[in-house]
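Subject: The structure you asked about

Hi,

Here is the structure I promised to pass on. Have a look at it first, and then read my notes below.

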Amino acid sequence: MSISVALETTLLVHGIPVAEAPALNRELGEIIRANGAEPALIGVHHGTPVAGMTDGQLDDLLAADHVPKLNSANLGVALHGGGHGATTVSATMEIAAGHGIRVFATGGLGGVHSGFGEHLDISADLAAFTRFPVAVVTAGVKSILDVASTREALETLGIPVIGWKTESFPAFYLRETDLAVDATFTDIDDLAGYVADELERTGRGIVIANPVPEADELARGDWERWLAEARERAAGAAGRDATPALLAALHELSGGETLRCNLALVRHNAAVAAQLCKSLQ
Ligand code: PSU
Ligand code: MN
């Protein structure tokens, strides 16, 4: 089995300020190596899907104008067009699976949006779990979403939602919701045994929900205030622009508190993903 832990480029290119991206990428690589695995940053560079982007390739994406955000729908178009592209969870899972990579660390999954008018907006991230055999370590779904509807959608799609040391389905900036996981694991070798069997048995993906560390969680009251303001500020953004616009508005309105929390939970996910990857060897 692959010794690599996948990382995604959308988080770096569209999810945090560009100036923070090279340092976060380096740090995630160090965390993954310190926990016994190898990092593989996934993205599209000059029309080539890359699993294991170099610092120079990431710099090219960060310096380019309008790098498209790729999911399973527009990944092939970007490969055909020959430009750069930042992969979201779905496209990263697709490329990871093609390279035999079984573990992927991200921040938060996309899901069912709320507060954007009357039409549905459901991330391609969810359906990707029904197609690509990758275990994705995530701090739950971004709490900018309709978290309860997202949990139901995961259930509808038959996607296993596993809690790492938690019985509650976490919501990114918040450790707990009143929603449940399908099972809770507290031992990494036990988790690896289940993951290996499940990936092999089904050929589909698994959500590994890993709550943000206690010290980095946001206060619920602050969070609710910032979210309400950010929703107003990002109201003009729709479709693929919605998530980056909301995250950027939150980072600004919170004076960097949501960004600090976001970085902390991604680091934590990288550590757990690397431990899982090591135990899978
Ligand atoms: N996690 C983060 N920040 C992000 C994302 C995840 O901490 O920016 C990205 C992921 O790439 C995820 C995407 O797949 O947001 C979801 O976007 P959408 O809602 O448009 O599907
Ligand atoms: Mn969408």
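Let's start at the ligand, where a polar side-chain atom of Glu8 lies 2.5 Å from an oxygen atom of ligand 1. Keep in mind as you click around that this is a predicted model.

Asp125 has a side-chain N or O atom 2.7 Å from an oxygen atom of ligand 1, and for His113 the corresponding distance to a ligand oxygen is 3.3 Å. How many residues surround ligand 1? There are 17, and the closest are Glu8, Lys69, Ser123, Asp125 and Thr243.

On the α2 side, the contact is made by Leu24, Glu27, Leu28, Ile31 and Ile32, while α11 brings in Leu263, Val266, Arg267, Ala270, Ala271 and Ala274. Sort the residues of this contact by class and you get nine nonpolar, two charged and no polar ones.

Helix α11 also packs with α8 (residues 188–202). Here the axes come within 9 Å and cross at roughly 70°. The class count for α8 with α11 is eight nonpolar, two polar and one charged.

The last pair takes us back to α2, this time with α3 (residues 55–63). The angle between α2 and α3 is about 150°, and their axes are 11 Å apart. That makes the two helices roughly antiparallel, and their crossing is right-handed. Which residues meet here? Ala21, Pro22 and Asn25 in α2 meet Asp55, Leu58, Asp59 and Leu62 in α3. Four residues of this contact are nonpolar, one is polar and two are charged.

If you'd like a place to begin, colour α2 and α11, then find Leu24 and Leu263, which are among the residues making their contact. After that, go back to ligand 1 and pick out Glu8 and Asp125, both listed among the closest residues.

Cheers

How values were computed. Residues numbered from 1 in each chain as written. Chains lettered and ligands numbered in written order. Predicted model: local features only at pLDDT ≥ 70, side-chain atom pairs only at ≥ 80, totals over all residues. Heavy atoms only, no water. Contact = heavy atoms within 4.5 Å. Helix = DSSP H or I, 4+ residues; strand = E, 2+ residues; numbered from the N terminus. Nonpolar A, V, L, I, M, F, W, Y, C, P; charged D, E, K, R; others polar. Near = heavy atom within 4 Å. Polar contact = N/O pair within 3.5 Å; in protein donor to acceptor, adjacent residues only side chain to side chain. Axes fitted to C-alpha atoms, helices over the stretch in contact; angles between N-to-C directions. Parallel < 35°, antiparallel > 145°, perpendicular 65-115°, else oblique. Left-handed = near helix turned anticlockwise from the far one by under 90°.
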